[in-house]
Amino acid sequence: MTRALIVGGGLTAATLAWRLSQDGVESTVLERAEQTGGLVRSDHMGGVLYEPHGSHIFHTEDEEVWNLANQMTPFRDYRHRVDILIEGKILNWPILLSDIDAQSRSEEIKAELEARRDVDAEARAQAANFEEWCLELMGPTLYDRYIRPYTEKQWGRPARTLSASWAPRRVSVRWDNDPYLFPDPYQGWPAGPNGYTDLLDGLFGAPGVTVRTGVDVTLETLDRHVREEQADLVVLTCPLDEFCGNELGALEWRGIDVRSVHIPHIEYAQGAMVVNYPGEGYPFIRIHETKHASGQQIEGTVLGFEFTGAPSRHYPIELPENRALNDRYQDHLRGVIGAERVHFAGRLANYVYIDMDDCMREALTTAEQLLDGLARDGAPGAA
Ligand SMILES: O=c1ccn([C@@H]2O[C@H](COP(=O)(O)OP(=O)(O)O[C@H]3O[C@@H]([C@H](O)CO)[C@H](O)[C@H]3O)[C@@H](O)[C@H]2O)c(=O)[nH]1
């Protein structure tokens, strides 16, 4: 019987372990924290369901991933709408044409937009950096209101030093005034009593999956865990620089800190699940209120104030030099552990800024490559 050791216990690990279990491959998931789930897990405060690490909205074009998520927990219909505070007014994020008249210098903004209306998306895709991409889309006035202050507060660095690669998925101007953030055909939020925890527990609860929390695995201690678990293959879903004790240098990460507070006796405290605060006068980036998505019928609510700059590894900073360093870590680990035995999956080990559905898809693909290899040669396939 083949056994996998999965290091790190987030959504990628959960999906991977579940898929392997479908084909009779057992796995042990070792998670350093006291709970699995990473940023995705939901919790309760004063009886109110909330997200301790900020809002997660399941949105996807991938029917198989959507069906798998719904197999673990039913999802309620929720379409994500975000507010943003601009010039003291609550407007919509993404930018709506219909919100321009509510702002100062509206004629100038319209002229800037009109001048860029026909810029070919492919030409924009050649932009050298995130700032250039956004300026080519919307012009300087909107950029200075909606994008630069928010982005620089969130990432703690000039927007021109960020990659343009993820801009098309995350920034838009809505000429049709569609207020919803995501265009995907499948969207929702878990309908069960425990939010995303039900999704995680469903995946981790598959037969043959053992989860151990509070276990810190590093390259130094890996062999011992492999022996203890009698594992034939290792899948790393954790940050590789930390796993290797920064042996080749530290990767750059952005960490967040969400400070949540229970507010009794009111139904809702704000008009949308997320309100963005680009202004310098606000030390936080945005405020989350999960109740808009959970639809929970309860008095009281929980607000989560999101701050950036925590010393944790939440978001990779996708720059060529960081990507190259992560590649070097993967090569190094293939050399030390064995290319046949070690595999990488998820946003931390692959150093990619992807959403939950992509994490699940990547985990399914990795599991299928491993299973194909096992079926073909009795050894896990190259993932
Ligand atoms: O007002 C804004 C909002 C965003 N940007 C730019 O877009 C980048 C991405 O922002 P966002 O998608 O909000 O950030 P994140 O990756 O943390 O997304 C998670 O949050 C939720 C949801 O979107 C919250 O509303 C989603 O489920 C997750 O993917 C940002 O870095 C800015 O560059 C902006 O400029 N101004």
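**Reading a predicted protein–ligand model**

Biologist: Where is Ser-42 found?

Modeller: Ser-42 lies in the loop between β2 (26–31) and β3 (43–45). Keep in mind that this is a predicted model.

Biologist: Is Ser-42 buried or exposed?

Modeller: A residue counts as buried under 20% relative accessible area. Ser-42 has 5%, so it is buried.

Biologist: What does the side chain of Ser-42 lie close enough to for a polar contact?

Modeller: The cut-off for such a pair of N or O atoms is 3.5 Å. Here a polar atom of the Ser-42 side chain is 2.9 Å from the backbone nitrogen of Tyr-196. Setting aside neighbours within four places in sequence, Ser-42 also has contacts with residues including Leu-49, Tyr-50, Pro-52, Trp-189 and Asn-194.

Biologist: Which element holds Gln-330, and which residues does Gln-330 touch?

Modeller: Gln-330 belongs to helix α12 (residues 320–337). With residues up to four places away in sequence not counted, Gln-330 touches Leu-240, Phe-344, Ala-349 and Asn-350. At a relative accessible area of 9%, Gln-330 is buried because the limit is 20%.

Biologist: Now the backbone. Which non-glycine residues have a positive phi?

Modeller: Glu-87 is one of them, with a phi of about 50 degrees. Glu-87 is placed in the loop between β7 and β8, and at 40% relative accessibility it counts as partly exposed. His-265 has a positive phi of about 65 degrees. The loop between β14 (253–263) and β15 holds His-265, which is exposed at 65% relative accessible area.

Biologist: Is the peptide bond from Trp-93 to Pro-94 cis or trans?

Modeller: Omega is the angle to read. For this bond omega is near 5 degrees, and the bond is cis. Pro-94 is in the loop between β8 (89–93) and β9 (95–96).

Biologist: On to the ligand. Which residues come nearest?

Modeller: There are 24 residues around the ligand, and Thr-151, Gln-154, Arg-286, Tyr-315 and Tyr-353 come nearest. By class, 16 in the shell are nonpolar, five polar and three charged.

Biologist: Which elements supply at least two residues of that shell?

Modeller: β7 (82–86), α6 (140–155) and β15 (274–276) each do. The most comes from α6, which gives six residues.

Biologist: Last, the whole chain. How many helices and strands are there?

Modeller: The protein has 14 helices and 18 strands. Its radius of gyration is 22 Å, close to the 21 Å from the globule rule for 383 residues, so the protein is as compact as a globular protein of that length. Buried residues account for 56% of the 383.

Biologist: What share of contacts between residues at least 6 apart in sequence joins residues at least 24 apart?

Modeller: The share is 74%. As for the surface, the protein exposes about 16,200 Å², and 47% of that is supplied by carbon and sulfur atoms.

Definitions and conventions:
Residues are numbered from 1 along each chain as its sequence is written. This is a predicted model: local features need pLDDT of at least 70, side-chain atom pairs count only at pLDDT 80 or more; totals for chains, interfaces and linings use all residues. Side-chain values use heavy atoms; hydrogens and water are left out. A residue is near a molecule or strand if one of its heavy atoms lies within 4 Å of it. Helices (H or I, at least four residues) and strands (E, at least two) are DSSP runs, numbered from the N terminus. Ala, Val, Leu, Ile, Met, Phe, Trp, Tyr, Cys and Pro count as nonpolar, Asp, Glu, Lys and Arg as charged, and the others, Gly among them, as polar. The radius of gyration is taken over C-alpha atoms; the globule rule is 2.2 Å times the number of residues to the power 0.38. Buried means under 20% relative accessible area, exposed over 50%, partly exposed in between (1.4 Å probe, protein chains only). Contact means heavy atoms within 4.5 Å. Accessible areas come from the Shrake-Rupley method with a 1.4 Å probe; for residues, only the protein chains shown count as cover. A polar contact is a pair of N or O atoms within 3.5 Å; within protein, one must be able to donate a hydrogen and the other to accept it, and residues adjacent in sequence count only if both atoms are side-chain atoms.
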